[in-house]
Amino acid sequence: MENKRNAITKIYDHFEEEAAPFKKDAACKKGCAFCCTDAGSIDITTLEGLRIHKHIAQLPRSQQGALKKAIARDARRREKGQASPCPFLLKNKNCRIYDIRPFACRRIYSLKRCNPEQPPMLHRQVMAVAQEAIGHLQQLDDTGYSGHISYILQMLETPAFTKVYLAGGFQPETIMAYGKSHKIAINRMMNPER
């Protein structure tokens with residue numbers, strides 16, 4: 001699993017290197033949180049979720065409890081089709097997990113200040129590099145899944161699922177009902193040509 005965590009970092013770093021020339025003129029600044037509140041689903045792989053899950057487990061119990069409540073609240077709101085800010089967004093509009101934020105957060109930037117009438121504006125080349133990185137992340141997490149951050153983290157709270165996943169097992173039938181109702185994708189089905 002450690003090798004896979006290192007590989008995630010390499011994928012992130014490669015993307016940043018390729019996207020840097022295009023992102024240098026980004027309007028995004030610390031505390032700008034439009035993408036964290038209004039940009040839609042924050043999709044992650046199970047492997048990325050595992051990094052976040054382990055980070056949460058290392059926090060003091062009171063912070064763990066608060067985050068788990070925020071994740072559950074986000075999941076409930078999304079299940080009802082309601083907009084919901086990222087459960088890791090702090091009141092000061094900073095990210096609680098910025099250093100280990102998933103690729104969905106790393107890839108988004110905008111050349112113009114965002115608002116409901118002006119969604120993020122990205123370079124086409126960056127979107128292409130991002131799609132390639134997503135393919136690599138899904139390939140790396142071949143026995144995992146992709147879906148909204150709160151849904152993936154809830155799956156990792158299920159000991160039976162986590163035990164099979166950490167052992168390298170692949171049993172999509174065990175999450176089939178949850179997967180269908182929460183639009184969880186099977187990574188190995190996302191890139192069958194790889």
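**Entry 1**

I began with Asp-142, which is partly exposed at a relative accessible area of 31%. The model is predicted, so local features need pLDDT of at least 70 and side-chain atom pairs count only at pLDDT 80 or more, while totals for chains, interfaces and linings use all residues. Residues are numbered from 1 along each chain as its sequence is written, and side-chain values use heavy atoms, with hydrogens and water left out.

I then looked up which residue forms a salt bridge with Asp-142. The partner is Arg-188, with the closest N and O atoms 3.2 Å apart. A salt bridge here is a side-chain nitrogen of Lys or Arg within 4 Å of a carboxyl oxygen of Asp or Glu. Arg-188 lies in helix α10 (residues 187-190) and Asp-142 in the loop between α6 (124-140) and β2 (145-148), so the pair ties together parts 46 residues apart in sequence. Helices (H or I, at least four residues) and strands (E, at least two) are DSSP runs, numbered from the N terminus. Arg-188 is also partly exposed, with a relative accessible area of 31%.

**Entry 2: other salt bridges**

I noted that the structure holds 5 salt bridges. Another one joins Lys-68 to Glu-157, where the closest N and O atoms are 3.9 Å apart. This pair links distant parts of the chain: Lys-68 is in helix α4 (residues 61-79), Glu-157 is in the loop between α7 (149-156) and α8 (159-166), and they are 89 residues apart. Lys-68 is partly exposed at 37%, and Glu-157 is partly exposed at 41%.

I also checked Arg-78 and Asp-74, whose side chains meet in a salt bridge (3.0 Å, N to O). Both lie in helix α4, 4 residues apart, about one turn of the helix. Are they buried or exposed? Arg-78 is buried at 18%, and Asp-74 is buried at 1%.

**Entry 3: helix α6**

The 17 residues of α6 should span 24 Å, and the end C-alpha atoms are 25 Å apart, which agrees.

I listed the buried residues of α6, among them Val-126, Val-129, Leu-137 and Leu-140. The list also includes Gly-135 and Gln-138. The buried residues of α6 pack against α1 (2-23), β1 (43-45), α3 (46-57), α5 (103-106), β2 and α10. Contact means heavy atoms within 4.5 Å.

How values were computed
Buried means under 20% relative accessible area, exposed over 50%, partly exposed in between (1.4 Å probe, protein chains only). The expected span of a helix is 1.5 Å times one less than its number of residues.
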